[in-house]
Amino acid sequence: MPGDEACAPAAPTATSALARAEQFIWLTARVLEQRRFAFHFLGGDADPVDAALGAYLGGDGGYGHALDPDLRGPLSHPLHTAHALRVLDGLGRCAGQRIERLCAHLIRVSTPEGALPPTAPASGGYPAAPYHPLHDDPPGDLLATGPVVGILHRNRVWHAWLFRATDFCWDRVENLRHWHPYEIQSAVAFLDGVPDRARAAAAADRLGRLVREQGLVVLDPARQDAPPPLPGHAPGDHLYPYDVARRPESLARGWFTDAELYGSLRFLAGLQQPDGGWPVHRGAWAPGSSLERRPIATLEALLTLRAYGRLPGAAQASPSLPGPAAPR
């Protein structure tokens with residue numbers, strides 16, 4: 001494996017990295033991402049984050065108004081739901097009547113098999129990214145369903161919607177043989193939250209082997225023969241170990257050796273741009289979407305680096321724990 005110096009340009013010192021990221025957030029981010037940054041890195045309160053998220057809540061109990069920047073307009077799309085739950089999970093607020101109403105909304109928008117489609121039917125002519133095609137009768141998929149089910153389970157939410165949705169995720173995770181790379185992230189989000197930990201560990205072991213056999217994750221960022229980008233995505237849009245094992249306790253941590261994981265984290269740190277933000281490797285299809293997504297990507301990068309103890313100068317969310325060896 002190439003040396004560390006081949007993985008990425010030299011990263012700035014972590015303290016300056018956080019300060020530069022803060023400046024980038026204040027200059028470019030939506031109110032929601034500003035409030036999230038203040039909560040996670042400046043000791044801010046959770047209430048302002050909650051209030052900012054509430055601006056995206058619709059009368060149907062779902063979330064809209066481009067909460068996920070790639071789906072514009074006021075409609076409540078399931079991908080917005082997944083985004084909202086990630087925010088609430090970070091606050092420790094996935095509970096109460098709001099979640100009950102959200103689950104009731106999920107029943108109404110689910111497919112007959114109990115899964116979520118990425119987008120709602122009847123788009124009303126509102127624009128969406130070309131890689132999120134709009135259908136009158138959209139099929140359910142793991143991309144939208146897995147993260148929602150995983151977060152609700154991790155927060156011990158019990159609702160009738162979860163039964164069939166959980167069965168759908170198990171079927172996809174345990175039986176699929178050919179994977180879209182971004183389904184891997186959704187599968188991990190499901191497996192990291194689902195209550196049956198023995199079954200989840202067995203499924204994660206199988207999936208980790210497939211990931212390595214099929215080359216779905218770039219193990220060495222210095223590789224020049226990485227797979228071509230997916231349709232609608234920009235050059236450099238690949239999954240790296242830090243994209244699937246976002247925290248040390250993730251089941252996906254066991255898919256990678258220490259050298260692979262920490263090499264990818266050094267690469268992630270080195271991706272910080274001169275303006276303090278992290279890049280977005282997606283096809284630029286609308287100015288507003290591209291501008292709004294970079295602060296989100298910046299927050300995700302900072303949270304991942306901190307989770308592994310790679311952001312000195314910031315309060316660490318959890319210790320950097322060594323993981324098991326990669327699957328053989």
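Predicted model: local features only at pLDDT ≥ 70, side-chain atom pairs only at ≥ 80, totals over all residues.
Residues are numbered from 1 along each chain as its sequence is written, and side-chain values use heavy atoms, with hydrogens and water left out.

**Overall make-up**

- The protein chain has 12 helices and zero strands; helices (H or I, at least four residues) and strands (E, at least two) are DSSP runs, numbered from the N terminus.
- Contact means heavy atoms within 4.5 Å; among contacts between residues at least 6 apart in sequence, 66% join residues at least 24 apart.

**The nonpolar core**

- A nonpolar core is a set of buried Ala, Val, Leu, Ile, Met, Phe, Trp, Tyr and Cys residues joined through side-chain atoms within 4.5 Å.
- The largest such core holds 84 residues, of which Leu85, Leu152, Trp161, Ile184, Leu191 and Trp255 touch the most other members.
- Beyond its neighbours within four places in sequence, Leu191 contacts Trp170, Val173, Arg197, Ala200, Ala203, Ala204, Leu207 and Leu251.

**Helices α4 and α5**

- The axes of α4 (residues 78-91) and α5 come within 12 Å and cross at roughly 160 degrees; axes are lines fitted to C-alpha atoms, for helices over the stretch in contact, and angles run from 0 to 180 degrees between N-to-C directions.
- That angle makes α4 roughly antiparallel to α5, given that angles under 35 degrees count as roughly parallel, over 145 as roughly antiparallel, 65 to 115 as roughly perpendicular and the rest as oblique.
- The crossing of α4 and α5 is left-handed, a term for the near helix being turned anticlockwise from the far one by less than a right angle, with right-handed used if clockwise.
- Thr81, Leu85 and Leu88 in α4 meet Arg98, Ile99, Leu102, His105 and Leu106 in α5.
- This contact of α4 with α5 has five nonpolar, two polar and one charged residues, where Ala, Val, Leu, Ile, Met, Phe, Trp, Tyr, Cys and Pro count as nonpolar, Asp, Glu, Lys and Arg as charged, and the others, Gly among them, as polar.

**Helix α7 and its partners**

- The axes of α6 (residues 142-154) and α7 (residues 161-175) come within 10 Å and cross at roughly 120 degrees, and the two helices are therefore oblique to each other.
- In their contact, α6 residues including Leu142, Val149 and Leu152 meet α7 residues including Trp161, Phe168 and Val173.
- The residues of the contact of α6 with α7 comprise 10 nonpolar, four polar and one charged.
- With α9 (residues 197-213), the axis of α7 comes within 9 Å and crosses at roughly 35 degrees.
- Trp170, Val173, Glu174 and Asn175 in α7 meet Arg199, Ala200, Ala203 and Arg206 in α9.
- The contact of α7 with α9 has four nonpolar, one polar and three charged residues.

**Loop residues**

- His65, in the loop between α3 (46-54) and α4, has a positive phi of about 55 degrees although it is not a glycine, and is partly exposed at 43% relative accessible area.
- Ala66 lies in the loop between α3 and α4; Ala66 is not a glycine but has a positive phi of about 60 degrees, and counts as buried at 6%.
- Pro133 is in the loop between α5 (97-109) and α6, and is partly exposed at 46% relative accessibility.

Notes:
Buried < 20%, exposed > 50% of the residue type's maximum accessible area, 1.4 Å probe, protein only.
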